[in-house]
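Here is a short briefing for someone meeting this structure for the first time. Please keep the 3D view open while reading.

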Amino acid sequence: MDNKIIAIIVAIIAIVAVGAFFFAGSGDTVTIGYLPSDHDAALFVADAQGQFASNGIKTELVQFNNGGDLMTAMASGDVDVGYVGITPVLASIQKGVPVKVISAAQTDGSGLVVSKNSGISSVQDLAGKSIATPGEASIQYMLLQYYLEQNGMSLKDLKVSSMNDALKTNKIDGMITFEPYVTIAEKNGATVLAGSQDILPDHPCCVVVASDKFLEEHPNETNTILKIHENATDFINNNSDEAASMIPSDIVSDVEVEKVAISSFPFISGLDDSFKQDVMDFMNLEVDLGVLKEPISQDKIFWDGI
């Protein structure tokens, strides 16, 4: 074969190879947003196990205080993929933020805890009390609203504040929050007035989302990320104690507490028809509560994949 032809073939092969590995090898980075929560444990496990790196994906993990802030970052294009509650996701989609849910992450996993000196022993005792939430865009805020309305009360009956503000003043009677903080509060003497599994059993909570831009430009990498998420989820479900040791220490430093917290709710992955229907039912409930203005069609919520 002519040497020039051989050289051209070699050059083409090299270009194709470079193109195939350009995403990982060029320094491009997938920015993944998350909350300081056990709900995102699959991300922490995958990162600790080096699953992203071993699959040729360079990542930057960025922490946010709440789901609303994370979704704002996705709207501005600063975050490619996010582990976040379904409530801020649905609110963002309704506002036109170009994102899609690409996988489930977990269900339940939150709780309403009250201090031992609050005098609260029933939902009716919440009247006039100061209760903190992760923010109005959070699923915990929505759960609190639903819990109160199911018991003939409303948010107006409480003094609701954000957890950030409450922590500064240290003047709250209780909070509705996500794990591991429910378990941490209980260990420190607080009482769990209601778990989210009691308020709305098996409700969808955190999901994995990606920007439309990322999905369009990197569908193969998206599928790799989904496989990593599935592997990490399976690991947690089969090795919860070991997984507990992989949660960042800035979230919880006591591994024994983390073992209790991480085993208290289900971790899931994928987007089967059952989960999609659960999300649609949850979305309709949010419409009924006034959290969403109107229903969102399924095709605007979920990624169909490739």
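The notes below go through the cores, the salt bridges, a pocket, a helix and a loop residue.

This is a predicted model. Its largest nonpolar core has 54 residues. The structure also holds five salt bridges.

**The nonpolar cores**

- In the largest nonpolar core, Ile86, Val89, Leu126 and Ile301 touch the most other members.
- Several elements each supply at least two residues of this core: the helices α4, α5 (86-94), α6 (139-150) and α14 (273-289), and the strands β4 (99-104), β5 (110-114), β9 (191-195) and β10 (206-211).
- Helix α6 gives the largest share of this core, with eight residues.
- As a general point, nonpolar side chains in soluble globular proteins tend to be buried together.

- Leu126 sits in the loop between β5 and β6 (130-133).
- Is Leu126 buried or exposed? Leu126 is buried, because its relative accessible area is 0%, and the cut-off for buried is under 20%.
- Beyond residues up to four places away in sequence, Leu126 touches Leu112, Val114, Ile120, Ile131, Tyr147, Leu148, Met153, Asp157, Leu158 and Leu193.
- Leu126 and Gly174 are 48 residues apart in sequence. In space, their C-alpha atoms are 9.0 Å apart.
- Which residues does Ile301 touch, not counting those up to four places away in sequence? They are Leu90, Ile93, Lys100, Val101, Val279, Met280 and Ile296.

- In general, side chains of opposite charge can pair when their charged atoms come close.
- Asp212 and Lys100 form a salt bridge, with 3.3 Å between the closest N and O atoms. This pair links distant parts of the chain, 112 residues apart. Asp212 belongs to helix α10 (residues 212-217), and Lys100 to strand β4.
- Both partners of that bridge are covered. Asp212 counts as buried at 18% relative accessibility, and Lys100 counts as buried at 17%.
- Lys187 forms a salt bridge with Asp254, and their closest N and O atoms are 2.7 Å apart. Here too the pair links distant parts of the chain, 67 residues apart. Lys187 is in helix α8 (residues 181-187), while Asp254 is in the loop between α12 (240-244) and α13 (255-262).
- Lys187 is exposed, with a relative accessible area of 54%. Asp254 is partly exposed, at 28%.
- Lys213 and Glu217 also meet through their side chains in a salt bridge, at 3.2 Å from N to O. They are four residues apart in helix α10, so about one helical turn separates them.
- Lys213 counts as exposed at 55% relative accessibility. Glu217 is partly exposed, with a relative accessible area of 46%.

**The second largest pocket**

- The second largest pocket is lined by 20 residues. Closest to its centre are Pro88, Ala91, Lys95, Glu136 and Ala137.
- Helices α4, α5 and α6 each supply at least two residues of the lining.
- The most comes from α4, which gives five residues to the lining.

**Helix α2**

- Helix α2 (residues 41-48) is mostly covered, with six of its eight residues buried.
- Which residues of α2 are buried? They are Ala41, Ala42, Leu43, Phe44, Val45 and Ala46.
- After α2 comes Gly50, whose phi is positive, near 70°.

**Asn66 in its loop**

- Asn66 lies in the loop between β2 (59-63) and α4 (67-75).
- Asn66 is buried, with a relative accessible area of 15%.
- A polar atom of the Asn66 side chain lies 3.1 Å from the backbone nitrogen of Gly68.
- Leaving aside neighbours within four places in sequence, Asn66 is in contact with Leu35 and Pro134.

Conventions: Residues numbered from 1 in each chain as written. Predicted model: local features only at pLDDT ≥ 70, side-chain atom pairs only at ≥ 80, totals over all residues. Heavy atoms only, no water. Buried < 20%, exposed > 50% of the residue type's maximum accessible area, 1.4 Å probe, protein only. Polar contact = N/O pair within 3.5 Å; in protein donor to acceptor, adjacent residues only side chain to side chain. Contact = heavy atoms within 4.5 Å. Core = buried A, V, L, I, M, F, W, Y, C linked by side-chain atoms within 4.5 Å. Salt bridge = Lys/Arg side-chain N within 4 Å of Asp/Glu carboxyl O. 1 Å grid on protein atoms, 1.4 Å probe; cavity = no way out; pocket = protein on both sides within 12 Å on 5 of 7 lines; lining within 4 Å.
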